[in-house]
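Me: I am new to this structure and would like to be walked through it carefully, one question at a time.

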Amino acid sequence: MTRLYPEIEPYDHGMLDVGDGHLVYWEVCGNPEGKPAVTLHGGPGTGCSTGLRRYFDPAKYRVVLFDQRGCGRSTPHAGEPEADLSANTTDHLLADMELLREHLGIEKWLLFGGSWGSVLALVYAQRYPDRVSEMVLMGLATGRRSETDLLTRGLGGVFPEAWAKFRDGVPEQDRDGDLAAAYLKLLMDPDPAVHEKAAADWCAWEDAIVPTSPPYKSFETPEFRLAFARLVTHYWSHGSFLDDGVVLREAGKLAHIPAVLAEGSLDLGNLIGTPWELAHAWPGSELVIIDEVGHSTQDEPMREVLIGATDRFAS
């Protein structure tokens with residue numbers, strides 16, 4: 001059985017002023033002289049968790065974690081009643097990463113990310129290939145409209161009852177359009193009764209489409225729920241602020257970067273073939289399909305692959 005590395009605490013942390021009135025929380029764990037690695041959390045909007053520290057040998061890695069704009073301990077928080085998301089885009093997050101890398105004096109780092117974090121890692125590596133040593137990605141996504149359309153509408157036939165409740169959470173005139181955009185309007189409504197119900201409805205659907213995992217405990221916290229739902233719908237309704245399909249089209253730029261791509265066979269994001277398309281477009285990448293695992297890093301077989309990859313890349 002592959003065990004997570006022991007729990008550790010940061011030896012350094014801070015709030016980085018990234019402009020636009022935003023402060024990004026960051027922390028560094030492990031060996032100050034170790035191999036640099038940065039974790040990119042999902043969502044957008046989940047924030048970094050202490051568990052992410054435990055996928056790296058603390059004697060060999062200098063592990064950087066940070067909360068992306070608007071979530072976790074970063075400020076201002078998207079769960080505040082009158083949040084402004086105008087300075088929260090993919091380009092902003094990439095600029096924040098570069099500012100953090102320079103602030104910490106890191107030349108190159110390993111990218112470790114899942115779900116939305118894999119999208120952010122891929123775009124970062126394509127724009128800054130000389131700053132990336134290796135990549136370990138899971139719960140694979142590329143930010144395409146077809147991927148988010150699958151999650152908001154395509155899975156309705158798989159979970160018809162839950163999807164009907166999700167669809168009916170928006171006004172009738174919006175139900176045949178972009179559901180992420182329709183929810184975002186409700187989530188940004190100043191009336192707490194409106195935005196709190198929309199957040200609860202959105203997060204209930206998020207839980208429904210990951211049947212291989214227990215309900216996400218953080219969704220029980222109203223401020224987290226609201227920030228998460230606002231950020232996800234903000235990004236999805238804007239096409240992740242990317243030219244559609246650009247990540248796959250430019251995957252060849254990553255040919256020199258060693259990578260392990262881990263995907264659960266029961267991850268419903270597989271239904272449009274993203275993991276296989278990405279691996280095919282990325283020469284030299286290693287795709288590992290893990291049987292009986294869904295969209296989660298918590299299952300033992302997934303942990304084995306991820307820790308095996310970081311152990312291999314440690315030297």
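Reply: A disulfide is a pair of cysteine sulfur atoms within 2.5 Å. This is a predicted model, in which local features need pLDDT of at least 70 and side-chain atom pairs count only at pLDDT 80 or more, while totals for chains, interfaces and linings use all residues. Residues are numbered from 1 along each chain as its sequence is written, and side-chain values use heavy atoms, with hydrogens and water left out.

Me: How many disulfides does a search of the whole structure find?
Reply: Cys48 has as its nearest cysteine sulfur that of Cys71, 8.1 Å away, and is in no disulfide. For Cys203 the closest cysteine sulfur, again in Cys71, is 13 Å off, which is too far for a bond. Over the whole structure, the number of disulfides found is zero.

Me: Is Cys203 buried or exposed?
Reply: Buried means under 20% relative accessible area, exposed means over 50%, and partly exposed lies in between, with a 1.4 Å probe and protein chains only. Because its relative accessibility is 2%, Cys203 counts as buried.

Me: At what angle do the axes of helix α5 and helix α6 cross?
Reply: Helices are DSSP runs (H or I, at least four residues) numbered from the N terminus, and axes are lines fitted to C-alpha atoms over the stretch in contact, with angles from 0 to 180 degrees between N-to-C directions. The axes of α5 (residues 179-187) and α6 (residues 192-208) come within 7 Å, and the crossing angle is roughly 145°.

Me: Which residue's backbone oxygen does the side chain of His195 reach?
Reply: His195 is found in helix α6 and, because its relative accessibility is 4%, counts as buried. Contact means heavy atoms within 4.5 Å, and, not counting residues up to four places away in sequence, His195 touches Leu186, Leu187, Asp189, Pro190, Leu226 and Arg230. At 2.7 Å, the side chain of His195 reaches the backbone oxygen of Asp189.

Conventions
Helix = DSSP H or I, 4+ residues; strand = E, 2+ residues; numbered from the N terminus. Polar contact = N/O pair within 3.5 Å; in protein donor to acceptor, adjacent residues only side chain to side chain.
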